[in-house]
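Work through the exercises below with the sequence and the structure in view. Each task is followed by a solution in steps.

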Amino acid sequence: MPTPAKGPRLGSGPAHERLMLANLSTQLFEHGRITTTETKAKRLRPVAERLITFAKRGDLHARRRVLRVVRDKSVVHTLFTEIAPQMAEREGGYTRITKVGTRKGDNAPLAVIELVTEPVSPKQAVVREAEKAAEKASKKKADKPAKKADAVEDAPVEDAPAAVEDAPAEDVQDAPVEDAAEEKKEA
């Protein structure tokens with residue numbers, strides 16, 4: 001048997017691991033939180049989140065794909081009618097893993113994996129993005145040294161055209177170009 005890419009199997013073989021993860025995900029959706037070893041919790045997270053994504057889709061094909069893993073129809077019904085609507089605004093991160101210590105018998109590290117039921121606050125996400133943009137703008141402004149060009153940019157917009165009109169013709173950069181064009185015509 002080839003060595004799996006994600007580390008050693010949790011049980012004796014791949015079929016046993018699939019069954020174990022299916023049972024763990026069933027219990028997670030039924031109870032909302034379960035206590036298991038850290039390794040099992042870390043392996044359960046992508047399976048459970050994929051099933052919740054299918055449930056959010058909500059069509060018949062998604063229900064049948066979830067039923068391949070979760071064999072209990074009442075748990076699938078709960079997943080589609082109660083859990084998926086709670087996660088509708090969330091774009092991922094449906095589960096949370098919290099380490100809780102070790103087991104008394106074999107000193108195995110334990111973790112609690114639970115469904116994240118708190119609603120997502122879109123306002124907080126927008127506020128964070130605005131703060132990041134403001135920080136970037138302030139850093140760019142602070143990095144640039146003060147120049148005469150900055151003073152001209154800070155001038156009011158109404159005064160800018162008047163300053164261009166009042167400028168003498170000698171300051172205009174286009175003058176040498178016109179002279180060069182006239183020399184070509186003469187030649």
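**Exercise 1. Contacts along the chain**

Task: Among contacts in the protein chain with a separation of 6 or more, what percentage is accounted for by residues 24 or more positions apart? Then state how many helices and strands the protein chain has, and in what order the elements run.

Solution: 
- Step 1. The model is a predicted one. In the protein chain, 54% of the contacts with a separation of 6 or more are between residues 24 or more positions apart.
- Step 2. The protein chain has three strands and eight helices.
- Step 3. Read from the N terminus, the order of the elements is α-β-α-α-α-β-β-α-α-α-α.
- Step 4. The protein chain has 187 residues, and 25% of them count as buried.

**Exercise 2. The nonpolar core**

Task: Find which residues have the most contacts inside the largest nonpolar core, and which element gives the most to this core.

Solution: 
- Step 1. The largest nonpolar core is made of 28 residues. Phe29, Val66 and Leu79 are those with the most contacts inside it.
- Step 2. Two or more residues of this core come from each of helix H1 (14-31), H2, H3, H4 and strand S3 (109-115).
- Step 3. With eight residues, H2 gives the most to this core.
- Step 4. Take Val66 and leave aside its neighbours within four places in sequence: Val66 is then in contact with Leu51, Phe54, Val76, Leu79 and Phe80.
- Step 5. As background, nonpolar side chains in soluble globular proteins tend to be buried together.

**Exercise 3. H3 against H4**

Task: Are H3 and H4 parallel, perpendicular or oblique to each other?

Solution: 
- Step 1. Helix H3 covers residues 60-69 and helix H4 residues 73-86; the two pack at an angle of about 135°, and their axes are 10 Å apart.
- Step 2. An angle from 65 to 115 degrees would count as roughly perpendicular, and one over 145 as roughly antiparallel. H3 and H4 are therefore oblique to each other.
- Step 3. Sorted by class, the contact of H3 with H4 has six nonpolar, one polar and two charged residues.

**Exercise 4. H2 against H4**

Task: Describe how H2 and H4 are oriented to each other, and name the residues of the contact.

Solution: 
- Step 1. Helix H2 (residues 38-57) packs with H4 at an angle of about 95°, and the axes are 9 Å apart.
- Step 2. H2 and H4 are therefore roughly perpendicular to each other.
- Step 3. H2 brings Leu51, Ile52, Phe54, Ala55 and Lys56 to the contact, and H4 brings Leu79, Phe80 and Ala84.
- Step 4. The contact of H2 with H4 divides into seven nonpolar residues, no polar and one charged.

**Exercise 5. H1 against H4**

Task: Is the crossing of H1 and H4 left-handed or right-handed? Give the angle at which the axes of H1 and H4 cross.

Solution: 
- Step 1. The axes of H1 and H4 cross at roughly 50° and come within 9 Å.
- Step 2. That makes H1 oblique to H4.
- Step 3. The crossing of H1 and H4 is left-handed.
- Step 4. Thr26, Phe29 and Glu30 of H1 make the contact with Val75, Thr78, Leu79 and Ile83 of H4.
- Step 5. By class, the residues of the contact of H1 with H4 are four nonpolar, two polar and one charged.

Note on methods:
Residues numbered from 1 in each chain as written. Predicted model: local features only at pLDDT ≥ 70, side-chain atom pairs only at ≥ 80, totals over all residues. Heavy atoms only, no water. Axes fitted to C-alpha atoms, helices over the stretch in contact; angles between N-to-C directions. Helix = DSSP H or I, 4+ residues; strand = E, 2+ residues; numbered from the N terminus. Parallel < 35°, antiparallel > 145°, perpendicular 65-115°, else oblique. Nonpolar A, V, L, I, M, F, W, Y, C, P; charged D, E, K, R; others polar. Contact = heavy atoms within 4.5 Å. Core = buried A, V, L, I, M, F, W, Y, C linked by side-chain atoms within 4.5 Å. Buried < 20%, exposed > 50% of the residue type's maximum accessible area, 1.4 Å probe, protein only. Left-handed = near helix turned anticlockwise from the far one by under 90°.
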